[in-house]
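Have the sequence and the 3D view open as you read.

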Amino acid sequence: MIGADGQPLGVIPTARALALAQSEGLDLMEIAPNAQPPVAKLGDHGKYRFDEQQKLKEAKKKQKAVVWKEIRMAPKIDEHDIETKLKAAARFLDEGDKLKITVRFRGRELAHPDRGRTLLLAMGERLKEHGVIERLPLLEGRQMIMVMNPVRPQQVQQQRPVPASAVVGAPAAARPAAPVPTPLRPTPAPTARPAAAPPRSRPA
C-alpha cells in the first residue's frame with residue numbers, strides 16, 4: 001500500500017486499508033491489480049483521473065500526425081516544370097511530410113513506362129538532401145508512384161575525406177616524423193698482403 005504522500009506503508013489487510021482511507025477522508029485506489037499482492041494507494045480518485053487525462057492529452061500533443069503530400073507529373077515534362085516540382089517537393093520534405101511523387105500516363109505513353117521510372121529516380125537523386133526513397137517507382141494501373149520520407153539530420157551528415165590542408169597544418173606531433181637518413185660511410189679498401197718469398201735452394 002502507498003500513502004497519499006507517495007511513501008510505502010507496507011502490506012496492509014484490505015479492511016484496515018479501507019478504514020485508514022475513511023479516517024483520512026481519502027479514496028483507496030487499486031493501481032496495480034495484477035501485482036502480488038495487489039498495490040493500492042490513498043488519494044483523491046477524482047484528482048487522479050483528471051491527472052491521468054491531462055497526461056494522455058499531453059502525450060497526444062507530442063505525437064505528430066503523418067501528413068502526406070503529392071506531386072503529380074507527366075512523363076513528358078520540360079526542365080522548367082521539373083524545377084518547380086522540385087522546389088515544392090523539397091519544401092514538403094523539409095516540413096517533415098511524407099511525399100508521393102506520381103507520374104500519370106495517357107494514351108500511348110503507357111507503352112514506355114521506363115520513361116516514368118527514369119524521371120522518378122532522377123527526382124529522388126536530386127532530392128537526396130531533403131528526403132530518402134522509401135518505395136521505389138511502382139506501376140499501378142496508368143500511373144507510377146514513388147514514396148519518399150523526410151531525411152533525418154544524422155542521415156545528411158556523411159563522412160568526408162580530410163582535406164590536404166588539414167594534414168599540412170597539423171602539429172608536428174600529429175604527423176609521422178620523416179625517417180632520418182643514415183650517413184653513408186666509405187668502405188675501406190682491402191689491405192694488400194705481401195707476396196710470399198720464393199723458397200730458398202739448398203746445396204746438394
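In helix α4, the residues Gly116, Leu119, Leu120, Met123 and Gly124 are buried, where buried means under 20% relative accessible area, exposed means over 50% and partly exposed lies in between, with a 1.4 Å probe and protein chains only. Looking down the axis of α4, you will find its buried residues within an arc of 135°, so they line one face of the helix; the arc is that of the directions from the helix axis to the C-beta atoms. Helices (H or I, at least four residues) and strands (E, at least two) are DSSP runs, numbered from the N terminus.

A word on what you are looking at: this is a predicted model, in which local features need pLDDT of at least 70 and side-chain atom pairs count only at pLDDT 80 or more, while totals for chains, interfaces and linings use all residues. Residues are numbered from 1 along each chain as its sequence is written, and side-chain values use heavy atoms, with hydrogens and water left out.

What covers the buried residues of α4? The cover includes β3 (68-73), α3 (79-94), β4 (98-104), β5 (131-140) and β6 (143-150).

Now turn to the strands. Four of them form an open sheet in the order β3-β4-β6-β5, with mixed pairing; two strands pair if DSSP finds at least two bridges between them. Because β3 and β5 stand at the edges with a single partner strand each, one side of each is left without a neighbour in the sheet. From one strand to the next, the twist averages 20°. β5 and β6 pair in the antiparallel sense over seven bridges, and Val132 has Asn149 in β6 as its bridge partner.

Two helices lie across β3, β4, β5 and β6: α3 runs at about 170° to β3, and α4 runs at about 10° to β6. Axes here are lines fitted to C-alpha atoms, for helices over the stretch in contact, and angles run from 0 to 180 degrees between N-to-C directions. Contact means heavy atoms within 4.5 Å.

Finally, look inside. The largest nonpolar core has 20 residues, of which Ile71, Met73, Leu99, Ile101, Leu120, Leu127 and Met148 touch the most other members. Such a core is a set of buried Ala, Val, Leu, Ile, Met, Phe, Trp, Tyr and Cys residues joined through side-chain atoms within 4.5 Å. β3, α3, β4, α4 and β6 are the elements that give two or more residues to this core, and α3 gives the most, with seven.
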